[in-house]
Amino acid sequence: MNHRISGWIAHRRAKWLVLVVMLVALGGLGSFGSKLADVQENDVASFLPAEAESTQVIAKATQFADPDVIPAIVLLVREDGPQPDDLARLETLKTDIAAIPEVTGDIVGPIPSEDGVAAQLVVSLRIDPDTGWERLPDVVDELRTAAEDGAGGADVYVAGPAALGADQAKAFAGIDGILLLAAISVVVVMLLLTYRSPILWIIPLVCGVLSVFAAQGVVYLLARYADLTVNGQSAGILSVLVLGAGIDYALLLVARYREELRNTEDRHEAMAHALHRAAPAILASGSTVVVGLLCLLLAQMSSTSGLGPVAAAGIVVSLVVMLVLLPVLLVVFGRWVFWPFVPRFGDPQPAERGIWGRVGRRIAHRPRTVWVVTTLVLGAFTLGVVQLDADGLSNAESFTTEQPSIVAEEKLAEHFPGGAGDPVQVVADAGAGEAAAAALQDVQGISPDTVTEPVVQGDIAYVEGTLEAAPDSTSAFETIDRARDALADVPGALVGGTTAINHDVQEASAADNRLIIPIILVAVLLILALLLRALVAPLVLLATVVLSFGAALGISALVFRHVLGFEGADSSLPLYAFVFLVALGIDYNIFLMTRVREEALLHGTRRGALIGLAATGGVITSAGLVLAGTFAALGSLPIVFLAELGFAVALGVLLDTIIVRSVLVTALNLDLGRWMWWPSALFRTDGGHMSGAPDHAVAHHAADPAHPADPLAEGHPAPEHRA
């Protein structure tokens, strides 16, 4: 079946029909992709655990506070001391601020600080739920300008949730375009270095970009008609993942096609052979990534569970494009696209003479020493994980550059209680309002005189209180825990607010790490076992992936703390890094081991390991460099979480491709020999007969100059089996 489909895609006449259908389909999906921003949900509730206490408070508090209204604090500071007319000036300023269209309700204040050098106004801003995220920075700028014009020379700052949201909106503004351009720039450079052709790189790049636009269209349709949750963060990761993974698949297919062009005179037949041999590995790799991503659906965090199907849909689109459109375009344009290094029929295969062929022969001298030493070194790097403080980031720690809202929060904390303008919210049953207020007043860390009288509407009572500590501090989180304990016996009492939201996010992320990481490991193990038809090889390969992940996270933790100066890491970083590194790292395992198994059927495991490394080492390295570069593009945004994620994944991919896949796995193949395939038939025969290989593969390899009678002839023979 695979051979017939491959032949149809690369058929001399049918290719034109395939080309037209693919271009029409991708064009239609791409037109929907331009609307992806219209269905993004960037409100707080869309990120939160659905069952979290703070999420329930958001839903219940809507009758007391409009969810589309967020507070901003206008802070005026006169360091040389107040002037007599300052409070009168602030009263006049309230009139000017009220003229801003988004300002709603009464402006609270002016509230002077105890030290007398600062005063604040609390302003409520109504933000349109459809355009508010993009509009918010302009609204805050207008608010700041109005305050500066009427401040009489005082220093003006805008703090509170509105100011923080404005800075976040600026940071994410144009995330799709910025990341895509950065990723494309990296891909262009890497493809030029890989192919050394002024023409060939264009075809995979065009297919990759079309994959991104089509994937955005699919995600838009799923969000519009299937209630898929998508936000700015998942949309940005989608672009990077689809482009990087798609180019990886393209590199593998083009490398196999180039091989076949040297073995087959007709390019259509060569592509059919290339698809037949490479498509199973590409499909298995993509399927593994999809399964790993779909495991995120089990996450408590809505933003994490939403990322799974968004990214999985993108991988499916990239698979279709790279296995259908790319081969069609390659056969349409012919051999000349490889110019100036055009593969001719009958040319010798250069793989055995390449760098990875030489590396393999060196490993063959002492494979056990190589894998033991490599494992110890990577294990030592994993110790750096103790430096990873993945307990969440404060607002100030969330940006890589200084932000106006953070400076304003620091100034506000100098003159007012830490939680000013960002209260703890409590809802309870209507008859328990007084009990809730009394309990909240007794909580250590809540300013007693800031606890409001309960407001009752329907069957719900609402109470607020102000934190003494900064709302994003550890002390504030501990206060939330004390408040929930104190209110546990109050009927219907729930504690929410921004601090409670951040606290619940950290708790949910930690729970997701404990649940989803083992599930992904089991899923990947099962896929590898089915693909390689063995048990030992999947277990060994999974162990190498986990070791690679640990080393990457350990090195990253050291770099974050001691080089980049980041104070900590987001609580979801380990899970995100694990998903991408394990799912994508398994890609390279599959690329290598499916080729090794193919060659082992003909030559035995040890010879097959070296042939597989020589044939795939170059393309795996190129694919890793491309993927690492695309994820590194996340660092172009001033968000610490994305910068850390991009660095960790890029580093892990490089470790995977250069060290783990090409050195560690090859050494294990050489040392374990046929035991890698236990308990399959290949374990018993180790290439002793061809029952496991199709007849056409035997004939094809028999005449293939890439496979000499003794692939180890240029070096020392692999050691005898010692396992």
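User: What makes R661 and D656 both count as buried?

Analyst: Buried means under 20% relative accessible area, exposed means over 50%, and partly exposed is in between, using a 1.4 Å probe and protein chains only. Both R661 and D656 are buried. A quick note: this is a predicted model, where local features need pLDDT of at least 70 and side-chain atom pairs count only at pLDDT 80 or more, while totals for chains, interfaces and linings use all residues. Residues are numbered from 1 along each chain as its sequence is written, and side-chain values use heavy atoms, leaving out hydrogens and water.

User: How many salt bridges does the structure hold?

Analyst: There are 10 salt bridges. One of them joins the side chains of E259 and R595, at 3.0 Å from N to O. E259 lies in helix α9 (residues 232–263) and R595 in helix α19 (residues 573–603), so this pair ties together parts 336 residues apart in sequence. Helices here are DSSP runs (H or I, at least four residues), numbered from the N terminus. Both E259 and R595 are buried. There's also a network of salt bridges linking R256, E260, R277 and E598.

User: Why is V377 called partly exposed?

Analyst: V377 has 41% relative accessibility, so V377 counts as partly exposed. V377 lies in helix α13 (residues 367–382).

User: How do you know that α19 is roughly antiparallel to α20?

Analyst: The axes of α19 and helix α20 (residues 605–632) come within 8 Å and cross at roughly 155°. That makes α19 roughly antiparallel to α20, because angles over 145 degrees count as roughly antiparallel, under 35 as roughly parallel, 65 to 115 as roughly perpendicular and the rest as oblique. Axes are lines fitted to C-alpha atoms, for helices over the stretch in contact, with angles running from 0 to 180 degrees between N-to-C directions.

Key
Helices (H or I, at least four residues) and strands (E, at least two) are DSSP runs, numbered from the N terminus. A salt bridge is a side-chain nitrogen of Lys or Arg within 4 Å of a carboxyl oxygen of Asp or Glu.
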